[in-house]
Amino acid sequence: MLTFLQQLRVDWPAASERASSHTLRSHALKEVTSAHDGRTLSPGILGRLCLKELVEEQGRTAGYDSNLDNCLVTEDLLSVLAELQEALWHWPEDSHPGLAGSPDTGTDSCLVVHVVSCEEEFQQQKLDLLWRKLVDKAPLRQKHLICGPVKVAGAPGPLMTAPEYYKFRHAQVCKASALKHGGDLAHDPAWTEIFGVLSVATIKFEMLSTAPQSQLFLALADKNISTKGTKSGTFVMYNCARLATLFESYKCSMEQGLYPTFPPVSSLDFSLLHDEGEWLLLFNNILPFPDLLSQTAMLDCTAPGLHITARTEMMCKFLVQLSMDFSSYYNRVHILGEPRPHRFGQMFVRLQLLRAVREVLHTGLAMLGLPPLSHI
């Protein structure tokens, strides 16, 4: 699973949980009730621990399942808890302020978000409470983000594991690129990074375009992997590369003396922007973006209760719509025209507009953990 997270460019420290597991086991043995209805417990089961009292003592009843009572403490459960504990201690201090702590700073200001499927919510609440019970410096703030069920259509055989799913999408991206550009590009070193980014973008947009609490429907057909499909991550990355190519073309032409250097923004005449597509990009995409960021960039962790929500679907849908609007405009309007001085004014204001589009696009992709592509 760690490899899969790395493939998706998700930060997760690869720390050994052996030391933490030993400590947690010692603490658990002191707390649990070893008897189980008068019978000897099975191997791997340490005993039972009452969690209901902990919930009531700490006043944390809001959001927790009312059926939480006794927790069967197992070696496997402690192993998962040890991994969480080690990840907490080994998280880079400057990576995501407020989301992790370190042994030196304590965990009072630390926030842990449990991202868990609706089927595993009850079990994860047990893990949350067990962490508080067995670890003195367990995070005081723990929130749960519940994800809806996943349904798959067109799966080739049995259900795939996460690494198999990534491999499957990666193969589709390679196949689609081979059909578009010709030849077998999968083993071309120049395309390795591009295929990796496109595969991750495909998966992230596919999964994050649906509200986390809603049912996710995965369609595995090849037709979903295309730069022409207007609802895919590949389409967004393709238009990101088109923007990069546009500015690289201007730079090369400028260096050849065909175009002058870019003038100060204050000297540009924005009244030259009179195409409907230009104002569509400005009023529907660029100007509303700061408000969108304020709604999606931070999780609302100050709200009372156990659960929080994420609005990833808002960012995904925004980036897709931005890419559609830009693509329509770019296909219709010739930005870099003939190098004639009387046309430079309009060319520069259009480039400035698309600079803003590029900045919005790059910022949105960064929110999803995706790097911009300079070419495809």
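The model is predicted, so local features need pLDDT of at least 70, side-chain atom pairs count only at pLDDT 80 or more, and totals for chains, interfaces and linings use all residues. Residues are numbered from 1 along each chain as its sequence is written, and side-chain values use heavy atoms, with hydrogens and water left out.

Start with the whole chain. Its secondary structure comes to twelve helices and six strands. Helices (H or I, at least four residues) and strands (E, at least two) are DSSP runs, numbered from the N terminus. The chain has 376 residues, and 40% of them are buried. Buried means under 20% relative accessible area, exposed means over 50%, and partly exposed lies in between (1.4 Å probe, protein chains only). Now take contacts, meaning heavy atoms within 4.5 Å. Among contacts between residues at least 6 apart in sequence, 76% join residues at least 24 apart.

Next come the helix pairs. Axes are lines fitted to C-alpha atoms, for helices over the stretch in contact, and angles run from 0 to 180 degrees between N-to-C directions. Look at helix H9 (residues 276-286). H9 packs against helix H11 (residues 312-332) at an angle of about 165 degrees, and the two axes are 9 Å apart. That angle makes H9 roughly antiparallel to H11. Angles under 35 degrees count as roughly parallel, over 145 as roughly antiparallel, 65 to 115 as roughly perpendicular, and the rest as oblique. The crossing of H9 and H11 is left-handed. A crossing is left-handed if the near helix is turned anticlockwise from the far one by less than a right angle, and right-handed if clockwise.

Which residues meet here? On the H9 side they are Gly277, Glu278, Leu280, Leu281, Asn284 and Asn285, and on the H11 side Phe318, Gln321, Leu322, Asp325, Phe326, Tyr329 and Arg332. The residues of this contact of H9 with H11 divide into six nonpolar, four polar and three charged. Ala, Val, Leu, Ile, Met, Phe, Trp, Tyr, Cys and Pro count as nonpolar, Asp, Glu, Lys and Arg as charged, and the others, Gly among them, as polar.

Helix H10 (residues 289-296) also packs against H11, at an angle of about 155 degrees and with the axes 9 Å apart. H10 and H11 are therefore roughly antiparallel to each other. Their crossing is left-handed. H10 brings Phe289, Leu292, Leu293, Gln295 and Thr296 to the contact, while H11 brings Met314, Met315 and Phe318. The residues of the contact of H10 with H11 divide into six nonpolar, two polar and no charged.

Helix H7 (residues 189-208) and helix H8 (residues 233-255) form another pair, with an angle of about 130 degrees and axes 7 Å apart. H7 and H8 are therefore oblique to each other. Val197, Leu198, Ala201, Thr202 and Phe205 of H7 meet Gly233, Thr234, Val236 and Met237 of H8. The residues of this contact of H7 with H8 divide into six nonpolar, three polar and no charged.

Now zoom in on single residues. Leaving aside neighbours within four places in sequence, Asn285 is in contact with Leu280, Phe318, Gln321, Leu322 and Asp325.

Ile286 is also found in H9. At 15% relative accessibility, Ile286 counts as buried. Beyond neighbours within four places in sequence, Ile286 is in contact with Leu281, Leu353, Ala356, Val357 and Val360. Ile286 and Val360 are 74 residues apart along the chain, yet their C-alpha atoms are separated by 6.8 Å.

Val349 sits in helix H12 (residues 341-367). With 0% relative accessibility, Val349 counts as buried. Not counting residues up to four places away in sequence, Val349 touches Leu268, Asp269, Phe270, Leu272 and Leu273.

End in a strand. Cys50 is in strand S1 (residues 45-50). At 28% relative accessibility, Cys50 counts as partly exposed. Cys50 touches Asp69 and Asn70, not counting residues up to four places away in sequence.
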